[in-house]
There are 2 protein chains.
Amino acid sequence: MRYLQRIEKIQAVLRRKKLDGLLVSQPENRRYLSGYSALDHGIAETAGLLLIPAKGDSWLLTDFRFKLQAEAEAGFLRIGLYPKGLLLLLREMLPDLGIRTLGFESHYTLHSFAEKLNGLGEKIGVRVVPTTDLVEKLRAIKDEDEIAKLRASVDLNEQVFDEVYSSIHLGQTEREIALVLESTMRRMGAQSPSFDTIVATGSNSALPHAVPGPVTIERDQPVMIDMGLILDGYCSDMTRTFVIGEPDEHFLTIHRLVRRAQLAAIETIRAGVAAAKVDTVARDIIAAAGYGQAFGHSLGHGVGLAVHEEPRLSSRNGKKLQAGMVVTVEPGIYLPGWGGVRLENMVVVRADGCELLNINSTWLDL
Amino acid sequence: MRYLQRIEKIQAVLRRKKLDGLLVSQPENRRYLSGYSALDHGIAETAGLLLIPAKGDSWLLTDFRFKLQAEAEAGFLRIGLYPKGLLLLLREMLPDLGIRTLGFESHYTLHSFAEKLNGLGEKIGVRVVPTTDLVEKLRAIKDEDEIAKLRASVDLNEQVFDEVYSSIHLGQTEREIALVLESTMRRMGAQSPSFDTIVATGSNSALPHAVPGPVTIERDQPVMIDMGLILDGYCSDMTRTFVIGEPDEHFLTIHRLVRRAQLAAIETIRAGVAAAKVDTVARDIIAAAGYGQAFGHSLGHGVGLAVHEEPRLSSRNGKKLQAGMVVTVEPGIYLPGWGGVRLENMVVVRADGCELLNINSTWLDL
């Protein structure tokens, strides 16, 4: 069974690191290892944590509200409820399970909770050890089952775009379009958007993370749509920039330049190439045309259960890409006062190159 | 100006606590103090932080992607960009601003980041001090401007419910109804839902946090809808439980019992009463009828910029309610195999009682 195999991999990591157990608080890690799909209300209101001993049965710790869902989705785990808070439950469980050294996820644990966990550890003789990205390292490499789910997510995202694109008209507001996109996602079967949909037109498209507002679509102005959805737990993420009307020469020049940078980056991606190298290939093309300052973010990021995950395609990430990683490639040029162009597709890193998950990518060639 | 006044209140707190500055990472705190409304992608991907010195100008620290939005929305603040990460920027700024003792929000800072901040502090001679809920304490008490926004949010939420309620029919799925509710929210002007809408029917309604699924509405079965939206930054939160068809005696008994507990709690709420007392009043009524074990969550929570905030109406909160607090009152009874009933309204705590924010509350009297 897939989840048990993943848990066994983590248990092997724990034994290697001399940890008797790991507390998994990061929601996508929790889902990856258990299939339990309840959603947190932000980091301060968790729907549960996993307690994975280095050997033996793993536990899903949650509260009353999630008991039935936990049993239905993760019945292969032992379920522990904390009516009076997680710390009191751990105080009983850790000695029972013989856990003397407990790892926790430093990158998804609040400082205030870590302090309390340390306090508990001191009381009951458990050494509490921060860990980072133990599960994320597994998650970064997708198996074919996950890639199939990502492909389905990308595919549905494109279908939603196609359906809504044909209805976009002058005078419609950014906000209306975002609303139609998100409603269409849900109507066509997505669980939800994977992030707040961006629709930005005119000079708003110079904001890489614009929030859709009451601004209307005007003839011949750039329209940037950055959208993604969650299907069966897996995220998609795609950006298109276009005009309703006739693109002028400036738009075409910028669009073609961004597209050229994107294609060159995609051409570079294969297992063994440094992530930073891919970023550099795209960045150099944009910089050579004089727009280096206008491309202020990194080239891309991993996508899986989370819409932003490892690996980053960034000049600061010298690590090599590995087969099975799934990343976005999304160069952009942002010119305050005028607008911006960003183009984003998702690819799977393969041993000998990469595989495009988007189907209608040629749509981007203007 | 409202935001500057709030910042001045926090600066007074900092001086009292002998802190030279505070790093504000919690998104609603950031918005409360600055008006800056950009959304984070979870705690690990912030849209910016505030750096508030005990005296002098405050800063909004963000990255390139949010520069224009930061300037547009929080132009009264100084804007600092961190092209190479927040830590490098702080390394320059803290000595420049003469900050030798820096508070950070322990309850909304990742343990891993706090470790890095401590490391920086050691290098440059800044004492790094965890703080908790400094801004939340201010936020718990709403001014009349905020109460008006909360009232508008509740009002719109009820309008959305009313419109969708009249269209609910047998055979429709939980998921379809949730989708229609969330689309209607946005169409009627909400920024977004304030949490994932819950629509649970039949025995699913025994899960207090059910996720809407493909289950269809059946005649005479309980339907629980827990919904809220964000309007102008402020959240609403409301639960209705009803049947399509004829409620049977069991449903009526449970519904009336929950409603009686709710009304008794509302009757109890006024400034000066302990939060725990309000919880107890409702819980005792449910327990006296033999359903104490079936009411497994606390009675309510504060609502404002966040849908869950201070104060909690819980048996563990012995603090007194204060005028201007806004809370939900939401008793529930959950019977596995049968279903559940939860009723939730929002009230403002006043000196001499409380003010109901919901308008169609009598709808609950069966």
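Into which domains is chain A divided? In this predicted model, chain A falls into domain 1, which covers residues 2-139, and domain 2, which covers residues 141-364. The C-alpha centres of these two domains of chain A lie 34 Å apart, and the contact between them takes seven residues from domain 1 and seven residues from domain 2. On the side of domain 1 of chain A that touches domain 2, the helices α2 (27-34) and α6 (134-140) each supply at least two residues. By class, the residues of that side of domain 1 of chain A divide into two nonpolar, one polar and four charged.

Leu305(A) sits in the loop that runs between strands β13 (300-302) and β14 (309-313) of chain A. With neighbours within four places in sequence left aside, the residues in contact with Leu305(A) are Glu28(A), Arg31(A), Tyr32(A), Arg139(A), Gly233(A) and Tyr234(A). Is Leu305(A) buried or exposed? Leu305(A) counts as buried because 23 other C-beta atoms lie within 10 Å, where 20 or more are required.

Another part of chain A shows how two helices pack. Helix α9 of chain A (residues 249-268) and helix α10 of chain A (residues 275-288) meet at an angle of about 155 degrees, and their axes are 8 Å apart. The angle makes α9(A) roughly antiparallel to α10(A), because angles over 145 degrees count as such. In passing α10(A), α9(A) makes a right-handed crossing. From α9(A), the contact draws on Leu257(A), Arg260(A), Ala261(A), Gln262(A), Ala264(A), Ala265(A) and Thr268(A), while α10(A) brings Lys277(A), Val278(A), Val281(A), Ala282(A), Ile285(A) and Ile286(A). Sorted by class, this contact of α9(A) with α10(A) has nine nonpolar, two polar and two charged residues.

Finally, the view widens to both chains. The contact between them takes 35 residues from chain B and 34 residues from chain A. On the side of chain B that touches chain A, the helices α3 (67-73), α5 (111-124) and α8 (174-187) of chain B each supply at least two residues, and the largest share, four residues, comes from α8(B). By class, that side of chain B has 17 nonpolar, 13 polar and five charged residues.

How values were computed
Residues are numbered from 1 along each chain as its sequence is written. Chains are lettered from A and ligands numbered from 1 in the order in which they are written. This is a predicted model: local features need pLDDT of at least 70, side-chain atom pairs count only at pLDDT 80 or more; totals for chains, interfaces and linings use all residues. Axes are lines fitted to C-alpha atoms, for helices over the stretch in contact, and angles run from 0 to 180 degrees between N-to-C directions. Angles under 35 degrees count as roughly parallel, over 145 as roughly antiparallel, 65 to 115 as roughly perpendicular and the rest as oblique. A crossing is left-handed if the near helix is turned anticlockwise from the far one by less than a right angle, and right-handed if clockwise. Two residues are in contact if their C-beta atoms, placed from the backbone, lie within 7 Å. Ala, Val, Leu, Ile, Met, Phe, Trp, Tyr, Cys and Pro count as nonpolar, Asp, Glu, Lys and Arg as charged, and the others, Gly among them, as polar. Domain bounds come from an automatic or database domain assignment. A residue is buried if 20 or more other C-beta atoms lie within 10 Å of its own, exposed if 12 or fewer, and partly exposed in between; C-beta atoms are placed from the backbone.
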